[in-house]
Amino acid sequence: MPSLLTTSSVLMCPHGGTVSAASSNTKAKAGDFIVRPSDTFTIAGCPFTLPGAPPIPHPCMTVQWIKSTLRCKAAGDFALAQDSIGMCLAADQAPQGTVLIQSTQMRASGV
């Protein structure tokens, strides 16, 4: 079973930007609070640019989760796990690639 993601999990956009999770979950923990697709995920430091002269900055800004757990819930919503799929979006909602899950806790897992 894949490990659950928490507010301290290390997530990145495909271009190296840092994904931060702000969760409204104040009940379910696995070390830190478990994150859910309904939480807010923001991206900072994405260097992506569109080609052109001059190049046009088009950084990843937010994450929209496409796949979460199917049975494991945290505070009334499905949880996110290492096998969850999140799409990084630019400010204009253009998809930029999937979230890279670098590390998470190993205490709790779910399907």
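Threonine 62 is partly exposed, and its relative accessible area is 29%. A word of caution before we go on: this is a predicted model.

Where does threonine 62 sit? It lies in strand E8. What does threonine 62 touch, beyond residues up to four places away in sequence? The list is Phe41, Ile43, Met87, Cys88 and Leu89. Now look at glutamine 93. Threonine 62 and glutamine 93 are 31 residues apart in sequence. In space, their C-alpha atoms are 8.6 Å apart.

Skip its neighbours within four places in sequence, and valine 63 is in contact with Val19, Phe41, Ile43, Gly86, Met87, Cys88 and Val99. Keep Phe41 and Ile43 in mind.

On to the core. In soluble globular proteins, nonpolar side chains tend to be buried together. Here, the largest nonpolar core has 14 residues. Which of them touch the most other members? They are Leu11, Phe41, Ile43, Val63, Trp65 and Cys88. Strand E5, residues 40-44, supplies at least two residues of this core, and so does strand E8, residues 60-67. The largest share comes from E8, with 3 residues.

Now the rings. How many aromatic pairs does the structure hold? The count is 1. The partners are phenylalanine 41 and tryptophan 65, with ring centres 5.4 Å apart. Their planes meet at 65°. Edge-to-face means over 60 degrees, so this pair is edge-to-face. Phenylalanine 41 is in strand E5 and tryptophan 65 is in strand E8, so the pair ties together parts that are 24 residues apart in sequence. Are these two buried or exposed? Phenylalanine 41 has 2% relative accessibility, so it counts as buried. Tryptophan 65 has 11%, so it counts as buried too.

Two lysines also sit over rings. Lysine 29 lies over the face of phenylalanine 33, at 4.9 Å from the ring centre. Lysine 73 lies over the face of phenylalanine 78, at 4.8 Å from the ring centre.

Last topic: charges. Side chains of opposite charge can pair when their charged atoms come close. How many salt bridges does a search of the whole structure find? It finds 2.

Take aspartate 39 and arginine 36. Their closest N and O atoms are 2.9 Å apart. Are they buried or exposed? The cut-off for buried is under 20% relative accessible area. Aspartate 39 is at 7%, so it counts as buried. Arginine 36 is at 5%, so it is buried as well.

Then there is lysine 67 with aspartate 83. Here the closest N and O atoms are 3.2 Å apart. This pair links distant parts of the chain, 16 residues apart. Lysine 67 is in strand E8. Aspartate 83 is in the loop between strand E10, residues 77-78, and strand E11, residues 85-90. How open are these two? Lysine 67 has 32% relative accessibility, so it counts as partly exposed. Aspartate 83 has 37%, so it is partly exposed too.

To wrap up, follow strand E8. It holds threonine 62.

Note on methods:
Residues numbered from 1 in each chain as written. Predicted model: local features only at pLDDT ≥ 70, side-chain atom pairs only at ≥ 80, totals over all residues. Heavy atoms only, no water. Core = buried A, V, L, I, M, F, W, Y, C linked by side-chain atoms within 4.5 Å. Buried < 20%, exposed > 50% of the residue type's maximum accessible area, 1.4 Å probe, protein only. Helix = DSSP H or I, 4+ residues; strand = E, 2+ residues; numbered from the N terminus. Contact = heavy atoms within 4.5 Å. Salt bridge = Lys/Arg side-chain N within 4 Å of Asp/Glu carboxyl O. Phe/Tyr/Trp six-rings, centres within 6.5 Å; stacked < 30°, edge-to-face > 60°. Lys NZ or Arg CZ within 6 Å of the ring centre and 35° of its normal.
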